[in-house]
Amino acid sequence: MGSALKNLLASTFRGELHDDPAALKTASQDASLFEITPALVAAPLDAADIGAVVRAANDHPELKISITPRSAGTDMSGGALTESVVLDMVPHFNRIVSVEASADGGVAVTQPGVFYRDFEKATLAKDLLLPPYPASRELCTVGGMAANNSGGEKSLKFGKTEDFVRGLKVVLRDGEEHVLGPLDAAQLAEKMARTDLEGDLYRRTHRLLEAHYDIAHAARPDVSKNSAGYDIWNVWDRKTFDLTKLFVGSQGTLGVITEITFGLVKPARHAKLLVIFLKDLAPLPGIVNAVLAHAPESFESYDDRTLTFAARYSGDIMARLGTSNVFSLAWQFLPELGLLLRNGLPRLVLLAEFTGETAEEVDAKVNAAHADLAAFKLPMRVTRTEEEARKYWVIRRESFNLLRKHFKKVKAAPFIDDFCVRPAHLPEFFPKLYAMLEEYKLTLTVVGHVGDGNFHIIPLMDLSDPDTARVIQELSTRVYALVMSYGGSITGEHNDGLVRSPYLKEMFGAETYALFEEIKRIFDPQGIFNPGKKVGASMAYAMGHLKKE
């Protein structure tokens, strides 16, 4: 199949086409539980190359060609995996077009294969920042952030990627590149009057969302962060019609993003971290509310198991901190060691970061939050320097990588890794969740964005064990039922992919899920864009493609 596809595309595709074992092996895995070998890896030179693959899929339905965009492969849901054509966007779609200051911050235009770490260097050079970066900020691309509607530690204040996308260029099912952005009523009318593909898409999408306006808006999950389903509630508010809201978070299932215009903000000049050590979950809502009253920019957490793994694999922590001296590391954590000796291992470590334009402003926020928390009689620390705060951030950000790197027989298994419930529910929710998890005797870590109630649970599992697939399905069903019973989302940031798409009908209900299906039919009637994600998903198919090692 790979050779046939390669020969078919050879005359029209100007980028690289790979069907060698090494390239197919690399593209067969992402950061998820799954492994699917593609038939071909295509590195498009430009939008015309992507159009060539789209036209080949349209012209040869007997070959069942489908297209799955991929950049860094950091997706944890299996969204970048396919048996057909992987579009590798990193080799040629890796240009930052522009970064400019504006009255409300700044604007950057970039291609999707740009790594966030490089993008951030370019924006910070102009004192600007794209704040919804995920924990994988050193590894991910901006295209992956848009495709998954990523969020992270700064989403508490700034929102998610969807809140910063100002415009997109996308290749649609006609193989042509189109420009998407917010439209007022007059501009929408002009689009709908067109007789081409764009006119058809705008008319049909507007008709669908207008006819089911109340259903679409009622479908919005009652949480601060959601990446599940298609974001139909944000496309049309009867004033503005914005198809970028549909494409951000769509995981390449509606078309291929070729360029992104991001809004940027000016980063705060000063920051301090209030570190809270919590042994009992019962007072968590009160603590969260007390901290949030003082408007932290970030409010993160990690559990006792994460802390234990960080201590066990301190070499990795030292490498990320830029030190090779174990005594230097121990000295940095000396105050924490004293707290541990006096109070024991905390159940959760909470990190509340306060920022401002002056050191005095930050001190006032931190001191006020510290004073409000005094009634809870908790061990707390206020960092004095950026270096002192960095050690906590490294532990928080490196938790998943520690699991992936250091366990051979058992592997980090992200499948219940991204639920989101309102923080007020956590004292009830967490005991029920932990009781459920303990039935399976899994070693796991819990980290997350406590200010949003968005948590990442990563168990360690033996993927070669024939019982693993049963455990994954059974535990997913139970955990997601618990999440839904509290009105939560099964994915706040990591999106649906292979692992969660089968649960979307249960989460949103048959009526809303039918709207998702119709959106897919409007934009992709032949099912050539990343099929089996969002709609038409099969848990049996996903479980049949679990990694074996």
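Helices H7 and H8 are oblique to each other in this predicted model. The axes of H7 (residues 185-192) and H8 cross at roughly 120 degrees and come within 7 Å. On the H7 side, the contact is made by Leu-188, Lys-191 and Met-192; on the H8 side, Glu-198, Gly-199, Tyr-202, Arg-203 and His-206 take part.

Stay with H8 (residues 197-211) for a moment, and look at how it packs with H22: the angle is about 170 degrees and the axes are 10 Å apart. That angle makes the two helices, H8 and H22, roughly antiparallel. Here Leu-201, Arg-204, Thr-205 and Leu-208 of H8 meet a set of H22 residues, namely Leu-515, Glu-518, Ile-519, Arg-521, Ile-522 and Phe-523.

A pair of aromatic rings is described by the distance of the centres and the angle of the planes. The model has 16 aromatic pairs. One of them joins Tyr-230 and Phe-516, edge-to-face, with 5.9 Å centre to centre and 85 degrees between the planes. Phe-516 belongs to helix H22 (residues 510-523), while Tyr-230 lies in the loop between helix H9 (213-218) and strand S10 (241-242), so this pair ties together parts that are 286 residues apart in sequence. Are these two residues, Tyr-230 and Phe-516, buried or exposed? Both Tyr-230 and Phe-516 are buried.

Trp-233 has a relative accessible area of 4%, so it is buried. Phe-508, at 12% relative accessibility, counts as buried too.

Elsewhere, Phe-419, Phe-429, Phe-430, Tyr-434, Phe-455 and Tyr-486 form one aromatic cluster. The charged end of Arg-238 sits over the ring of Tyr-213, 3.7 Å from its centre. Arg-137, for its part, lies over the face of Tyr-133, at 4.2 Å from the ring centre.

Now turn to helix H4 (residues 116-124), where Tyr-116, Phe-119, Glu-120 and Thr-123 are buried. Why do these buried residues line one face of H4? Seen down the axis of the helix, the buried residues of H4 fall within an arc of 100 degrees, so they line one face. What covers the buried residues of H4 includes strands S5 (96-102), S6 (105-110) and S11 (256-264), along with helix H5 (142-148).

In the loop between H4 and H5 you will find Asp-127, whose phi is near 60 degrees, a positive value in a residue other than glycine. Asp-127 is partly exposed, with a relative accessible area of 28%. Gln-251, in the loop between helix H10 (244-247) and S11, has a phi near 55 degrees, again a positive value in a residue other than glycine. Gln-251 is buried, with a relative accessible area of 6%.

How values were computed: Residues numbered from 1 in each chain as written. Predicted model: local features only at pLDDT ≥ 70, side-chain atom pairs only at ≥ 80, totals over all residues. Heavy atoms only, no water. Buried < 20%, exposed > 50% of the residue type's maximum accessible area, 1.4 Å probe, protein only. Helix = DSSP H or I, 4+ residues; strand = E, 2+ residues; numbered from the N terminus. Arc of directions from axis to C-beta. Contact = heavy atoms within 4.5 Å. Phe/Tyr/Trp six-rings, centres within 6.5 Å; stacked < 30°, edge-to-face > 60°. Lys NZ or Arg CZ within 6 Å of the ring centre and 35° of its normal. Axes fitted to C-alpha atoms, helices over the stretch in contact; angles between N-to-C directions. Parallel < 35°, antiparallel > 145°, perpendicular 65-115°, else oblique.
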